[in-house]
Amino acid sequence: MNETDAETLPESTPFRFILNGLRDTGEVLLLAGDVVRELPQGLRKVPLVVQQMVAIGLGSMPLTLIVALFTGAVAAVQASYQFRDYVPMIYLGTVIGKSVVIELGPVLTALVVGGRVGASIAAELGTMRVTEQVDAMETMGISPTRYLVVPRVVAATLMLPVLTIFADVVAIFGGYMVAVLTLDVSGHTFTSGLRLYFHLRDVFSGLIKSVFFGAIISMMGCYYGLRSEGGAEGVGVATTHAVVASCLLILIVDYLLASFLFRVLFA
Amino acid sequence: MPESKGAAEPDIVIESVSKRLGTKPVLRGISLSVAEGESVVIIGRSGTGKSVLLKHVVGLMRPDAGSVRVDGLEVSELGTKELLELRKRMGMLFQGGALFDSLSVGDNVGLPLREHTDVGEAQVGLVVKEKLHLVGLEGVEEMRPSSLSGGMKKRAALARALALNPKIMLYDEPTTGLDPITSDLINRLIRRLQERLGITSIAVTHDMRSAYHIADRIAMLHEGRIHAIGTPAEIQSSSDPAVRQFIEGSAEGPLLPT
């Protein structure tokens, strides 16, 4: 479907790599434009959006919570080790709370959900593409962007912050449990530390990031899924690309958003 | 801008269309026109661009050069809305059926009605039943496409393509992979649609039995062009060595095995 000059160049030249990257960027932006254009029509497909919200949100909940629990637990162990002899343990709750809501909660949730949901979106849409279901949809006058992409992007963008809120709570709980049960820190010390320097804007900054992460995960899944070609192998390649691209973009965008939020907006 | 349809303009006009896929030229200046109510069958070996040609007619692909006009409209110049209107008047049967896995068979057939018309649910149910009956399927509405056999999938897909009563039908290998009896059922159905409803159609196949049955004219695609075109009788009596080799299904001749 896409011929570019990149394909006439020999395999694996640096030029080809750069041209492919530029082409992907351009096409993702075009798809994003389509999504925005089709948004009002796509949102009327409430059952499709709800179906995706259940698959993406509820379906990812157990994994997210387990990851969050152990993230909080290990944060408590590591922080107490670093603090020993230098920092009073009242700051344990402070540092766990802040690191979880600002960084660990949103980013680890996004990476885990990116693996799970990004792969499943890419595999599903990729299979639809190679079995001509997407072509069939277009010839029936039904826009694949409206019918397939918009519900997934909307659902992921709405559900990632929700998952992140749950992850934040469970991760802090994990840290609390480890601190109280194994580190000889009293529950009162931990929660007092948690309240110390607690700013709601820290939580919001994490949730704002997770909105972007949700959009990235679903867009990458849809983009690579819809452009897969060549049967089962092509679907496999698309799935890999979707997950790799999601993870990279999550970390890059995390840096950019952190710079913007904490150096510009909340500075 | 699309001009209105002239009186003598055939339904589908393909004019010197060229298309490269990657670096490989697939269509090299192909021309073909199909009159209203006519059934044209395109034969040719696998990989000669038969399906690619169909995708140009329905606007899934755009030609590198040349023009494709359907109903007097230049397909590649249509905007989203105009293309949608044109597609509502066309149906396409895909090779593997291309039924949506996530929907039941009944919902597959009913989807075009629910998306493009205002008819109520009861009416949708009736049309779904009627179209499925037309292709010889009963009581499969609630089944998943994955639990149907290949032939049933194709027939359900045909029912879906017919849901909006199209005036142009495109068939991509309608009988490939079907048993002879189901093939004959599909052939008769295609013929009946054309005779009773005056549907204009292009079918792509390498099943010669099917081609003779459904074609008013047969065109052989070879090396990106129409190599030969004529009525089934003319093709059968052709003395062109490539045509003879193809219709007789012989490994010996000018067409090399690939």
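Reader: What is the handedness of the crossing of α3(A) and α7(A)?

Author: The crossing of α3(A) and α7(A) is right-handed. Please keep in mind that this is a predicted model.

Reader: Why are α3(A) and α7(A) called roughly parallel to each other?

Author: Start with the angle: the axes of helix α3 (residues 90–130) of chain A and helix α7 (residues 200–226) of chain A cross at roughly 15° and come within 7 Å. Angles under 35 degrees count as roughly parallel. The two helices, α3(A) and α7(A), are therefore roughly parallel to each other. Sorted by class, their contact has 16 nonpolar, 11 polar and five charged residues.

Reader: Which residues of α3(A) and α6(A) meet?

Author: From α3(A) come I90(A), Y91(A), L92(A), G93(A), T94(A) and G97(A), and they meet T189(A), F190(A), T191(A), S192(A), G193(A) and L194(A) in α6(A). By class, this contact has five nonpolar, seven polar and no charged residues. Gly is among those that count as polar.

Reader: Let us turn to chain B. How do you know that β9(B) and β10(B) pair?

Author: Pairing asks for at least two bridges between the strands. Strand β9 (residues 217–222) of chain B and strand β10 (residues 225–230) of chain B are joined by five bridges, and they run antiparallel. One example is I218(B), whose bridge partner in β10(B) is G230(B). The two strands form a hairpin with two residues between them, and E223(B) in the turn has a positive phi of about 55°.

Reader: How many bridges join β3(B) to β9(B)?

Author: Four bridges join strand β3 (residues 39–43) of chain B to β9(B), and this pair runs parallel. Within it, I42(B) stands opposite A219(B) in β9(B).

Reader: Why is one side of β6 and of β10 of chain B left without a neighbour in the sheet?

Author: The order of this open sheet of six strands is β6-β7-β8-β3-β9-β10 (chain B), and its pairing is mixed. Because β6 and β10 of chain B stand at the edges, each has a single partner strand, so one side of each is left without a neighbour in the sheet. On average, neighbouring strands are turned by 15° against each other, direction ignored.

Reader: Which strands does α6(B) lie across?

Author: α6(B) lies across β3, β7 (168–172) and β8 (200–204) of chain B, and runs at about 160° to β8(B).

Reader: How is chain B divided into domains?

Author: Domain 1 of chain B covers 21–89 + 166–248, and domain 2 covers 103–165. Their C-alpha centres lie 24 Å apart. Their contact takes nine residues from domain 1 and 10 residues from domain 2 of chain B. Helix α6 (residues 180–197) of chain B gives the most to the domain 1 side, with three residues.

Reader: Finally, how many residues does the contact take from chain B and from chain A?

Author: The contact takes 20 residues from chain B and 13 residues from chain A. On the side of chain B that touches chain A, the largest share, four residues, comes from α3(B). That side of chain B divides into 11 nonpolar, five polar and four charged residues.

Note on methods: Residues are numbered from 1 along each chain as its sequence is written. Chains are lettered from A and ligands numbered from 1 in the order in which they are written. This is a predicted model: local features need pLDDT of at least 70, side-chain atom pairs count only at pLDDT 80 or more; totals for chains, interfaces and linings use all residues. Axes are lines fitted to C-alpha atoms, for helices over the stretch in contact, and angles run from 0 to 180 degrees between N-to-C directions. Angles under 35 degrees count as roughly parallel, over 145 as roughly antiparallel, 65 to 115 as roughly perpendicular and the rest as oblique. A crossing is left-handed if the near helix is turned anticlockwise from the far one by less than a right angle, and right-handed if clockwise. Two residues are in contact if their C-beta atoms, placed from the backbone, lie within 7 Å. Domain bounds come from an automatic or database domain assignment.
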